[in-house]
Amino acid sequence: MSEPMIRTEHLTRTFGRVKAVDDISLVVPEGIVFGFLGPNGAGKTTTIHLLLGLLEPTQGRAWVMGLDTRTQADGIRARSGALLEFSGLYERMTAEDNLDLYGRIYRMRPSDRKARIKELLDHLDLWDRRKEQVVKWSRGMKQKLAVARALFHHPKLIFLDEPTAGFDPVAAAALRADLSTLVAREGATVFLNTHNLTEAEKLCAQVGVIRNGKLLTVDNPDKLRMSKANPHVEITGRGFTEEILASVRGRPEVAGVRQENGKLLVELRGEAETAPLVTLIVRSGGEVEEVRRGESSLEDVFLTLMKESSHE
Amino acid sequence: MNDLWTMVWKEWRDTFFPQGRLANVGSLMFIALLGVVFPLIDRQGWLTLSAPMVLLNIFFPYYYILVYIGDSFAGERERHTLETMLASRISDRAILWGKVLSTVGYIWGMTLFVSLLSMGVVNLAQGGAWIFYSPVGQWLGVLILSLLGCLFSASGGVLVSLHSRTARQASQTFSLGSLGLFMAVYLILRALPPQLFAGLSGSQILLMVILFLVVLDAIILAISMASFRRSHLILS
C-alpha cells in the first residue's frame with residue numbers, strides 16, 4: 001500500500017493551557033481534496049502550521065509525503081504549496097513578479113517560469129494585467145493570483161486556508177470553480193481548511209470535522225450525511241398550532257419539529273414516509289399548501305456534530 | 001547562493017525599486033546633495049577628507065538604512081507576507097542574509113557612487129589636472145568604515161525588526177537604541193585617559209575602529225541568525 005499524503009498520530013499542540021490541536025490522528029490519501037471543517041478558532045490553521053513544520057507539536061507526530069514534520073520540514077515545504085490565511089502577495093510588485101519570485105524560490109528555470117506564468121495567468125484571465133502592481137487589484141483577483149502562486153511549482157500537496165473567506169457568493173463561486181479546475185488538472189492533493197460547508201460539499205472527497213482542537217469525525221461527505229444527519233420535510237401552509245406541533249412531535253418517525261417563517265420543518269428518523277404526517281396535520285385542522293422532502297446537507301451534519309460535541 | 005540572490009532580487013523589486021512609485025526621491029536627493037551640491041560648494045576641499053565630509057559619508061548611509069530596515073521583518077508581518085514566505089522552501093539563512101545584503105548593497109553602493117560622482121563633479125568644476133581624494137588610504141578607510149557602518153545598521157535593524165510587532169515600533173526602537181549606543185561610546189571615549197591615544201597615528205585609530213566594527217557586526221549577525229526561528233515568527 002502506498003504511503004498516505006498526510007498521516008498524523010496523536011498530534012497535539014498547546015499554547016499555555018490552551019490545546020489548539022488535541023490528539024489528532026488522521027490519514028489523508030493521495031490525490032483527493034480533503035476538507036478540514038471547523039468553526040473559527042477550532043485549530044485548523046494550527047494544524048496546517050504543524051503539517052508544514054512551521055510549528056513543533058507538543059505531543060504526537062506527523063508525516064507529510066512520508067517526511068517527518070519535526071525533522072524534515074524543509075523537504076515538506078519544498079514539495080508543497082500554500083495559500084494561508086492571507087494572500088501573502090507583495091502588493092508593490094507586479095502580478096508577474098509575484099509569480100516569478102516563487103518560481104525562483106522553487107528553483108524553476110527561467111524559461112519554465114515564463115511559460116508557467118503565461119499558462120496560469122491565461123487560465124485565470126489575468127494575463128493582460130500581469131504588469132500591474134497587485135495593490136491596484138480587487139480582492140478576488142488577488143486571491144486568484146495567490147492560488148496560482150500556490151500551484152506555480154507543480155506541488156504534490158497544496159494547503160489552502162479559508163481561500164474564499166470574506167468573499168461575496170459570486171466571487172466565492174468563481175474562485176471555487178477556478179480552484180476546482182486547476183486542482184483537477186494538476187492532479188495534486190489538497191488540504192483545504194474551511195468553515196464554508198458549500199465549499200466543502202462541492203470540492204471535497206473526504207472531510208474531517210474539528211472543534212476545540214479535537215477531531216470529531218472523518219469521512220466521505222455522502223456517508224457523513226447518511227450517518228450523522230436525518231432527512232427532513234419542509235411543510236408550507238397555515239394554522240400550524242402548538243397542538244399540531246405536539247402531535248407531530250409525538251410520532252415515532254419524527255426526530256424534531258420547529259416552525260420557521262410560517263413553515264413547519266420536520267426532521268425525520270431514517271427514511272420515514274411523509275404522507276401519514278401530512279394526513280395528521282390536515283386532520284388536526286392545519287392547511288397544507290406544499291410539502292418538500294429534503295436531503296440532509298453537510299451543514300446539517302456539521303451542526304449535529306457541533307451540538308453533540310458541546311454536550312460532551 | 002541561488003536563494004540568497006532570489007531574496008536580494010525580491011527586496012530590490014519590493015523595497016528599493018517598486019514599479020511606478022516615487023520611492024527613489026530620497027535617494028536622488030542624497031545623490032544630488034552629497035554628489036553634486038556639497039562638492040560644488042567645497043570644491044577641492046571636498047576631496048581632502050575633512051571631518052564633516054567623513055561624518056557625512058559614514059552617518060548619512062547609516063541613518064538612511066534606518067528608513068528601510070525596520071520594515072524588513074516587522075513590515076512583512078504587518079502586510080501578512082511573512083507567513084507565506086516562511087511556508088516556502090527558502091532557507092532561514094537566505095531570508096535573513098538577503099534582507100541584510102540587499103539593504104547594504106543598495107545604500108553602500110549608492111555611497112560609493114556618490115563618492116566617485118562627487119570627485120568627478122569637483123574635477124569638472126575645477127578644470128585643469130585631474131585630482132583625487134587625498135590621502136587615498138584614508139578615503140579607502142572611510143569607505144570601509146561606511147560599509148561596516150551600513151552592515152552594523154542593517155544587521156542591528158534586522159535583529160530589532162525580527163522582535164518588533166510593527167515597522168514603526170522597529171524604527172523607533174532602533175533609532176533610540178542607536179542614539180543610546182552613540183552616547184555610550186562617546187562617554188566611554190571621554191572616560192578613557194587621553195594619553196591612551198596620544199601615541200597612535202590616524203591610520204592606527206582608523207584600523208582600531210574598523211576592527212571594533214568588524215567584531216560588532218559579526219556578533220550582531222550571529223545573534224540575528226540565532227534569533228531567526230520560523231516557529232517564533234509564525235506565532236508573533
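With 11 C-beta neighbours inside 10 Å, Asp125(A) counts as exposed, since the label goes to residues with 12 or fewer other C-beta atoms within 10 Å of their own, while 20 or more makes a residue buried, anything in between is partly exposed, and the C-beta atoms are placed from the backbone. Keep in mind that this is a predicted model, where local features need pLDDT of at least 70, side-chain atom pairs count only at pLDDT 80 or more, and totals for chains, interfaces and linings use all residues. Residues are numbered from 1 along each chain as its sequence is written, and chains are lettered from A and ligands numbered from 1 in the order in which they are written.

**Confidence**

- The model comes with an ipTM of 0.85 and a pTM of 0.82.
- For chain B the average pLDDT is 87, and 97% of the residues score at least 70; pLDDT is the predictor's own confidence in each residue, on a scale from 0 to 100.

**Chain A: overall layout**

- Chain A splits into domain 1 (6–222) and domain 2 (230–295), with bounds that come from an automatic or database domain assignment.
- The C-alpha centres of domain 1 and domain 2 of chain A sit 43 Å apart.
- Among the contacts in chain A with a separation of 6 or more, 71% link residues 24 or more positions apart; a contact here is a pair of residues whose C-beta atoms, placed from the backbone, lie within 7 Å.

**Chain A: the cores**

- The largest nonpolar core has 110 residues, and those with the most contacts inside it are Leu52(A), Val64(A), Phe191(A) and Leu192(A).
- A core of this kind is a set of buried Ala, Val, Leu, Ile, Met, Phe, Trp, Tyr and Cys residues joined through C-beta atoms within 7 Å.
- Leaving out residues up to four places away in sequence, Val64(A) touches Ile6(A), Leu51(A), Thr69(A), Ile76(A) and Leu157(A).
- There's also a second, separate core of 11 residues, which includes Ile244(A), Val248(A), Val257(A) and Leu277(A).

**Chain A: residues to look at**

- The phi of Asp125(A) is near 60°, a positive value in a residue other than glycine.
- His154(A) is another such case, with phi near 55°, and it lies in the loop between α5 and β7 (157–161) of chain A.
- His154(A) counts as partly exposed because it has 14 C-beta neighbours inside 10 Å.
- Glu308(A) belongs to helix α11 (residues 298–311) of chain A, and with 13 other C-beta atoms within 10 Å it is partly exposed.
- Glu308(A) and Leu216(A) are 92 residues apart in sequence, yet their C-alpha atoms are 9.5 Å apart in space.

**Chain B: overall layout**

- Chain B has 11 helices and 0 strands.
- With 236 residues, a compact globule would have a radius of gyration near 18 Å, and the 19 Å of chain B agrees with that; the radius is taken over C-alpha atoms, and the globule rule is 2.2 Å times the number of residues to the power 0.38.
- The C-alpha atoms of chain B fill a box of roughly 60 × 50 × 30 Å along the principal axes, and 36% of the 236 residues count as buried.
- In chain B, 89% of the contacts with a separation of 6 or more join residues 24 or more positions apart.

**Chain B: a cis proline**

- The peptide bond from Ser134(B) to Pro135(B) is cis, with omega near -5°.
- Pro135(B) lies in the loop between α6 (92–126) and α7 (136–162) of chain B.
- As background, most residues other than glycine have a negative phi, and most peptide bonds are trans.

**Where the chains meet**

- The contact takes 24 residues from chain A and 22 residues from chain B.
- On the side of chain B that touches chain A, the elements giving two or more residues are α1 (2–16), α5 (82–86) and α11 (230–235) of chain B.
- The largest share of that side, 6 residues, comes from α1(B).
- The residues on that side of chain B divide into 6 nonpolar, 9 polar and 7 charged, where Ala, Val, Leu, Ile, Met, Phe, Trp, Tyr, Cys and Pro count as nonpolar, Asp, Glu, Lys and Arg as charged, and the others, Gly among them, as polar.

Terms used:
Two residues are in contact if their C-beta atoms, placed from the backbone, lie within 7 Å. Helices (H or I, at least four residues) and strands (E, at least two) are DSSP runs, numbered from the N terminus.
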